[in-house]
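Trainee: I would like to go through the aromatic rings in this structure. Could we look at it together?

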Amino acid sequence: MSKSPGEAVAASSKQDTDSGVAVEPPEDFTGIEVGKAKDYAAGVHAVTSSFKHVFGQAGVVRGVEGMLKLNQKNGFDCPSCAWPDPDDHRAPTEFCENGAKALASETSKRKVDSEFFRKHSVVEISKESDYWMEQQGRITDPVVLREGATHYEPITWDDAFDMIAEELKALDDPNEAIFYTSGRTVNECAFLYGVFARMYGTNNLPDCSNMCHESSGAALGASIGVGKGTVTLEDLENADTILVVGQNPGTNHPRMLATLQTAVRKGAEVIAVNPMKEAGLVGFAHPQEVVGMLGASTPLTSHFHRVKPNGDMALFAGWCKVIFDLDAAAEEGAIIDREFIAEHSVGFDAFEEKTKATSWEEIETRSGLSESEIRETAAIIASREKKVITCWAMGLTQQVNAVDTIREVVNLHLMLGAVGRPGAGLCPVRGHSNVQGDRTMGIFEKMPAAYHDAIDRVFEFTSPREVGYDVVNSILAMHEERASVFFAMGGNFLQATPDTQFTAEALQNCSLTVQVSTKLNRSHVVTGKQALILPCFGRSEEALNEAGKPQIPTVENSMGIVHQSRGTLKPISDHLLSETQIIGRLAHAVLGEQKAINYRSVSEDLDEVRKLIEQTLDGFDDFNERVVKPGGFYLPNAAKERDFHTASGKAEFSAVPISSAEFAGDDFVLMTVRSHDQFNTTVYGLHDRYRGISNERRLVFMNPDDMKEAGIKPMALVDLTNETDGRRRHVSKFLAVPYEIPSRCVAGYYPELNPLVPISLTAIQSNTPVSKAIPVKIQLSE
C-alpha cells in the first residue's frame, strides 16, 4: 500500500462567498491508501460493508427490521437506484451493498435537530466535508435561515408554508419561481406537485432526469415513440447478447449483476464498453451464494472494449457497418431483419448509405478501437437469434452528441429487428429510485399537449403551455435574476448540478430557497437571502396522516412497474410530514381551496390522489385496486408491442454522421464518476474499494504514461482548469493516481470536480450537462 505525501496537507476552501460560506468541500486530505483494483464485484466484502453501515447508523434491531423489509412486496422500495425487483420470488435480503448504505443513511439514529443548528452556524457547517454533513444524521424539525442571520432557527410548519406563499404571491410573474424535483419523490407527491405548479402558473419543473437520462428520453422518443426502455428482467435473463455501455453497475446498480450472472449462466455473452475497466464489468461473486462468499466469481464479460471517452457512436456505427457486410455474405435476410424494417420502420435507406460511406479510419480514430476488434464483437451480436439488449447509463447520456449516439444504438437494434420481441430491446438504466415515475406523473418542463388537456379537464383550469426551465435554464434564470424563488423537492441541487461556483451565485441571487430533505447537505448552506429546510419521512418510515392512518405511496422502477412502497419503521421525529403532505399544504397556502381540488385534504389520503391520477393519466385504470397486488403492475409500453408513436407512426432510423469529442492537443478529457461509497451526491464513506482506493476522495485517475510525459509523479498534487466559453474554472490540490485508463483521459469524483463542468457545455437537444468529456488542463500544484 502506498501513502500520499499530501495526506497532511489541509487548506481552507478558496471558493468562499462574501458571507464566508464555503461553496466547495475543503481542500483537506484524509490519508489515502492505494491498493490493487479488484477484478470482481460483491462477495463477502459487500456483506460485511452492508452490516457495518446499517448497524453503525441504525443499530442492530432497527437495522435488521429495515433490511428484511427492503425491496420486499410487503415492504418499502430502496431509496437508492431504480433497478427492478423480481416479479416472482424474492430473496429475504433483496438488496445490494449500496442499497444497504442508503438504508443505513435513512434509518440513522443520529439527529440534526434544533439544538444542532443552535450550536453550528451556517458558515461553520459549510467548512465541513460532504461526508461530515451526511454523518450528522436525520433532520427532525423545520428550520428557517432569516435574512442576515448566521444560524438556522426553528419554525412551525404553518409559518413555513405562509412564508413560502407570501414570497410566491409577491412575484410579478409565476415564471420567477422554480420547482425542482429529485428522483426519490413518490408518485402521488410528484403528481400533485406538477398540477400545483401549473395551477400557480408555470411549467418551471426541472428535475434530476435533466442531468442524467434526458438524452435517452429525447433519442428514444424520436426513434421509437417512447422515452423509456422496452425490456423486462425476464428479457435480460433470456438474451443472447447483452451490451453494457457507459455504465458501472458494480457501484451504481449492483443488483443488475445478479441478472447478468443469470443470463451468462444461461449462455448469454456480455460485451462491456467503457473507458475504465470496472470490477462489476468483469466478474460477480454473488453474496447470497456460498461460493460467492468464498470469493469465487462468475466471469461476466466475454469481451471488453476500452473505448475512448465519447467514442461510443463510432463503435455502434462500426458494428452496423460489419453487420451490413455479414448480411451481404449470408443468405438474404439471414441477419438484417428486412421484414421488420419494411413493416415497422422508415429511414433505412439513408441510414444504410451513411453507414457504408463511413470509413474505417474515422471509426477507429473516434472509437479508439481497431477494425478487427469491432468485427469480432459484431459477429457475436449478429449471431444466433439476434436476441440483443443494450444497457446504458451516463457514459452515453452526458455527452454533447448523446442523443445522436443513443439513436445509433437504436439503429443497431432496428436493423436486427431487436425491439419488441422476447430477449431483445433497449434498456436505459435509471440511476435514482422513481426518477422515471416522476416523469410519468408530469414532472417535466415540456409535457405533451395531451397531459395539459387532461389536467385542464380534471382540475377545471387552463394550464400554461409555455415551455418551462430545465435544470440548466433554471440556473441561468436565477443567475440572471429572472427567477428568485427556488423550491427543491429533495436532492442536493448545488452539488448535483454543473459549474458549482456559477450555480452557487445563481442560488444566492434568490430571495428564498426551500429544501425538502431528510439529511444535511451543502445546498442547505449555499442559499438565497432566506432559506427553509423542511424535513420529510424517509421511504423506510411509517407515514401517518393527521387521522393516524398509514399512507402507502407508490413508485415506478426502471422497467415501468408501478408498485407500493410500505414504510414500517418508527419515524425519527414526530415533527415530520410526508412529501405529499408538504405539497398539499403548500398548495393550499398559495392557492387556497380550488373548485376541483382541496389540496390539503387530498394530500392526507393517497387513495384520493391515486383516483385523480387515474382520471388524468393513461395506463392507471383501477389504480388503487391494481397497485395493492403484490409486486404491482406494468404500465403499457407501446414500443414493446411494436407500436411506435413517432411522427411517422413507425420506428425511425437516424442517418446522422458519426461524431466524437475533439479537444486541443494539450487538453485532457475529464470524466466525473462516483466512488463505491457514494450514491449520487450522497457520500456514505471515503473508500472506493473496487478501484483500490481507501480513505480519500480528493484525487484524479491518470494514465501512467501521460503522468510520466507531464512530469507528474504518483500521488503528486495537481490543479485542474477549464476555460470553456471564456470563464475560468479551477480546482486545486488533487492527488494524481496512476490508473488503467485511455491516454489523455482522466477521471475523478463528483461533486468535488463539478466546478469544472461548464454550464454552457450541454448535450444537443437534451441540454444535459456534459460531465463525461470535459476539456481540462492539468499542472502541478504550487
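Trainee: How many aromatic pairs does a search of the whole structure find?

Mentor: The search finds 28 aromatic pairs. Rings of Phe, Tyr and Trp (its six-membered ring) pair if their centres lie within 6.5 Å; planes under 30 degrees apart count as stacked, over 60 as edge-to-face and the rest as tilted. This is a predicted model, in which local features need pLDDT of at least 70 and side-chain atom pairs count only at pLDDT 80 or more, while totals for chains, interfaces and linings use all residues. Residues are numbered from 1 along each chain as its sequence is written, and side-chain values use heavy atoms, with hydrogens and water left out.

Trainee: Where do tyrosine 180 and phenylalanine 486 lie?

Mentor: They form a stacked pair, 6.3 Å centre to centre with 25° between the planes. Tyrosine 180 is in strand E10 (residues 177-181) and phenylalanine 486 in strand E19 (residues 485-489), so the pair ties together parts that are 306 residues apart in sequence. Strands here are DSSP runs (E, at least two residues), numbered from the N terminus.

Trainee: Is tyrosine 180 buried or exposed?

Mentor: Tyrosine 180 is buried, as is phenylalanine 486. Buried means under 20% relative accessible area, with a 1.4 Å probe and protein chains only.

Trainee: Which residues form one aromatic cluster?

Mentor: The cluster consists of Phe179, Tyr193, Phe196, Tyr200, Phe487 and Tyr599.

Trainee: Changing topic, what lies over the face of phenylalanine 444?

Mentor: Arginine 439 does, at 3.8 Å from the ring centre. The criterion is NZ of Lys or CZ of Arg within 6 Å of the ring centre and within 35 degrees of the ring normal.

Definitions and conventions. Helices (H or I, at least four residues) and strands (E, at least two) are DSSP runs, numbered from the N terminus. Buried means under 20% relative accessible area, exposed over 50%, partly exposed in between (1.4 Å probe, protein chains only).
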